[in-house]
Amino acid sequence: MCLGALCRASLLQSTLRRRDFHYCPIWFHTSVEMEVAASIGPQMASKIAEVIKIRSIGVFRTEIKELDQVYKMISSNAVAELDEEQDDVDEQKKGNVCSHFEIVKLFETLLDLKLAYVRLQEAHVPYDPEKIRAADEDVVSRFEMLCKIKKTYKEKLLKEGDYDSAILIAEVKLKERTLKKMKSYAKFKENTAKKLHRELCELEKWNRILAEDIRTRERERVLKSLNHKSFENVVQSVGKAIHDFVKLLITLMKVSGWDLDEAADAIQTSVAYAKRSHKKFAFEAYVARRMFQGFATPQACFFENVMKSDDPILALMEDPRSCFAKFCCTKYLSVVHPEMEMSFFGNLDHRNSVANGIHPFTSYYRAFVTMARCVWYLQGFSSCVEPKVEMFGVKEGSEFLGDHMEVVEELKEYKLAMDEKYEGCKVEFFVMPGFVIRENLVRSRVYISKLVV
């Protein structure tokens, strides 16, 4: 039964603080020594006592030399004694599963552990990370070897039917106490989690109430600011945004080798332009019609935080499934033809990305989204006004009427060639639609020419 006591003593080594480098005693209880002495005889016990006597290990190089000498003494004398008492060992094996060989192996392992721990301490003075890591691994391997010896010893005891029932009972009780503590701790944690969950639900409830209150206040603030003048300013901002995007399109078309005259004539046929550069208005008219097609936006979507960021793409990245994101996707696929994008970039990456709900972070797409945001805001503005805003266009070839039409700025320099009130002029096409807001009118911008009689 001596090896069981030694194994229990070896488990005390697990209490070593592997990072307490200044002081950590390695010791065995006197009762263990007495039990060992009774089993292995006085000569072996006296030698073992030299190794396992109560002492503290500090960081001294002399300890290594002393322990090495004791280690050699134990190893050589143990072998000699085993040869002298071979007959006694054979008889002892019959009545005791703990042989001298196993005892020597156990103490050799303990001595190796002690040496390894001293090397671990020594590696800190001077501090050497590589030596510390190697010594640490050595200490761990010695502990693993002790655990292996203990496991083997228990298996032999079970096999021989000589296992101490008191040990089993003690282990069972220890496990039961541990299980009881763990169940109590788990119940405490469960109650804590339920309490935190209730608090989280309350906070989420209050957050929803506060968010709704903020949206209501924002809605009231916006509705109070809605008037004819502010609406007219928004329409002008939309016209400028469309102009900027069309300017970029025309630049890309020139670089790609497009025939701008042919493209403008394809959009608006048989138009008498006062100046060749005025053909850009045909492209602006095309983009405006595509963007304002299906002019209707639910009022709730208008209050999304689309206008809060200087970069409109950031609003798309924050909520790629928002109403505004869907609006950008639909309008981009409608405004930019696949052949046009292919001629610009040599691929359809932008189109494919937008169709899949991915918004490219490019200057070209940013220009489009900037324009789309202005149109989106105008549509949301219109949906909030009571009664609803009505949009109107001007039929091509109709007579110019100054009450609900205005001429594009570039044509005003040719006023001398026309009547001051543009009487006798016809509408070639409208560039921007007009709007009726309550009893007020935002005139439609048109491109006109002299009516030929």
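Modeller: The model is predicted: local features need pLDDT of at least 70, side-chain atom pairs pLDDT 80 or more, while totals for chains, interfaces and linings use all residues. Numbering runs from 1 along each chain as its sequence is written, and side-chain values use heavy atoms, without hydrogens and water.

Biologist: What makes a residue part of the lining of a pocket?

Modeller: A lining residue has an atom within 4 Å of a pocket point; on a 1 Å grid over the protein atoms alone, a pocket is an open set where a 1.4 Å probe fits, with protein on both sides within 12 Å along at least five of seven lines. Here 17 residues line the second largest pocket, and Met253, Trp258, Ala263, Ile267 and Met340 are the closest to its centre.

Biologist: Why are Leu260, Ala263 and Ala264 called buried?

Modeller: Buried means under 20% relative accessible area, exposed over 50%, partly exposed in between (1.4 Å probe, protein chains only). Those three are the buried residues of helix 10 (residues 260-267).

Biologist: How do you know that they line one face of helix 10?

Modeller: Seen down the axis, the buried residues fall within an arc of 100°, so they line one face. The arc is taken from the directions from the helix axis to the C-beta atoms. On the other side, Glu262 and Ala266 are exposed.

Biologist: What do the buried residues of helix 10 pack against?

Modeller: Helix 9 (228-255) and helix 11 (280-291). Contact means heavy atoms within 4.5 Å.

Technical notes. Helices (H or I, at least four residues) and strands (E, at least two) are DSSP runs, numbered from the N terminus.
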